[in-house]
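Subject: Structure handover, ligand site and pockets

Hi,

Here is the structure we discussed. My notes on the ligand site, pockets and cavity follow below it.

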Amino acid sequence: MKNILITGGSRGIGAACVKEFSKNGFRVFLNYNNSEKSAKKLADETGAIPVKADISNSDEVKKMIDFIHGYGKISVLVNNAGIAEQKLFSDISENDWDRMFDINIKGMFLVTKAVLPDMIHEKSGKIINFSSIWGISGASCEVHYSASKAAVIGFTKALAKETGLSGINVNCIAPGVIDTEMNGHLDDETKTELCQETPLNRMGTPEEVAKLAYFLASPDSDFITGQIISPNGGFVI
Ligand code: NAP
């Protein structure tokens, strides 16, 4: 049975990935940080194994990977965990900036660094990183979020080049507006406007994104690496 680690698997897109991979025969390690209750409920429902770690903390990441290694090597890594925040650029503090980058990109670095030796040893592996349309096109009042998600794109392309000869595929999903708690703060009017700006005239679902992650982890995508794939309903073309 292949082991997969999904960071931020307790809610939203990560939780949909936990369900998709669990029902398709993977041993899923469901990482969470704050949402213990929903992580454990989802673990009970799917048979996934919950593992708590703040991905921006190197000691916690090391403990998480040591725990997973008790079950064997990791074949697939989904770097999904992330945070967003909307603020005028002039209101973004140094702490806001550091927190955004600590979780959205340093966390990805720490987890990937801990998992990669497994894949290099096996000469195979799939890494799927989560960016955003805002990492491609930039969002007003989200400069720190957009910059951190643009960094994910550079990270993906560079790592794909470096690890291709080791048989490792590294790709990036850059979703458009997906119906999760990350957008829960938006009022109905803003949600309607976002849908109207989307050619397919709706938000995406976490399940649709999880199916793309599953494809990128499957042998069907063996010739795809270093790509930024954006399920966004046509919002950014
Ligand atoms: P969400 O519903 O807010 O869930 C975020 C997940 O990340 C939670 O499971 C949370 O875990 C986890 N997380 C946050 N900080 C963490 C940390 N320090 N350590 C470990 N886990 C942490 O978000 P989502 O909408 O599913 O988004 C998932 C990914 O897609 C993110 O990278 C996001 O930027 C990206 N994305 C989302 C959208 C969208 O419209 N929803 C669009 C583009 C890109 P806990 O609750 O357990 O702390």
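Three elements each supply at least two residues of the shell around the ligand: α1 (12-23), β2 (27-32) and α6 (143-163). Helices here are DSSP runs of H or I with at least four residues, strands are runs of E with at least two, and both are numbered from the N terminus.

This is a predicted model, where local features need pLDDT of at least 70, side-chain atom pairs count only at pLDDT 80 or more, and totals for chains, interfaces and linings use all residues. Residues are numbered from 1 along each chain as its sequence is written, and side-chain values use heavy atoms, with hydrogens and water left out.

**Ligand site**

The ligand is surrounded by 31 residues. A residue is near a molecule if one of its heavy atoms lies within 4 Å of it. Ser-10, Ser-35, Asn-80, Tyr-145 and Thr-180 are the closest. By class, the shell has 13 nonpolar, 14 polar and four charged residues. Ala, Val, Leu, Ile, Met, Phe, Trp, Tyr, Cys and Pro count as nonpolar; Asp, Glu, Lys and Arg count as charged; the others, Gly among them, count as polar.

Asn-34 has a backbone N or O atom 2.8 Å from a ligand oxygen atom. For Gly-176, a polar backbone atom is 3.4 Å from an oxygen atom of the ligand. The cut-off for a polar contact is a pair of N or O atoms within 3.5 Å. The protein covers 96% of the 890 Å² of accessible area that the ligand has on its own (Shrake-Rupley method, 1.4 Å probe).

**Largest pocket**

The ligand takes the space of the largest pocket. A molecule sits in a pocket if more than half of its atoms lie within 2 Å of the grid points. Pockets and cavities come from a 1 Å grid over the protein atoms alone: a cavity is a set of points where a 1.4 Å probe fits but cannot get out, a pocket is an open set with protein on both sides within 12 Å along at least five of seven lines, and lining residues have an atom within 4 Å of a point.

The volume of the largest pocket is about 1,200 Å³, counted as the space filled by probe spheres set on the points. Its lining has 46 residues, with Gly-82, Ile-83, Ala-84, Thr-180 and Met-182 nearest the centre. Two or more lining residues come from each of α1, β2, α4 (94-122), α5 (133-137), α6 and α7 (188-196). The lining splits into 19 nonpolar, 19 polar and eight charged residues.

**Second largest pocket**

This pocket holds about 210 Å³ of space. Of its 17 lining residues, Lys-2, Ser-75, Ser-124, Gly-125 and Lys-126 lie nearest the centre. α4 and β5 (125-130) give two or more residues each. α4 gives the most, with three.

**Cavity**

How many cavities of 30 Å³ or more does the whole structure have? The search finds one. Its lining is Thr-7, Ile-55, Asn-79, Asn-80, Ala-81, Ile-103, Asn-104 and Met-108. Four are nonpolar, four polar and none charged.

Best wishes

Conventions
Polar contact = N/O pair within 3.5 Å; in protein donor to acceptor, adjacent residues only side chain to side chain.
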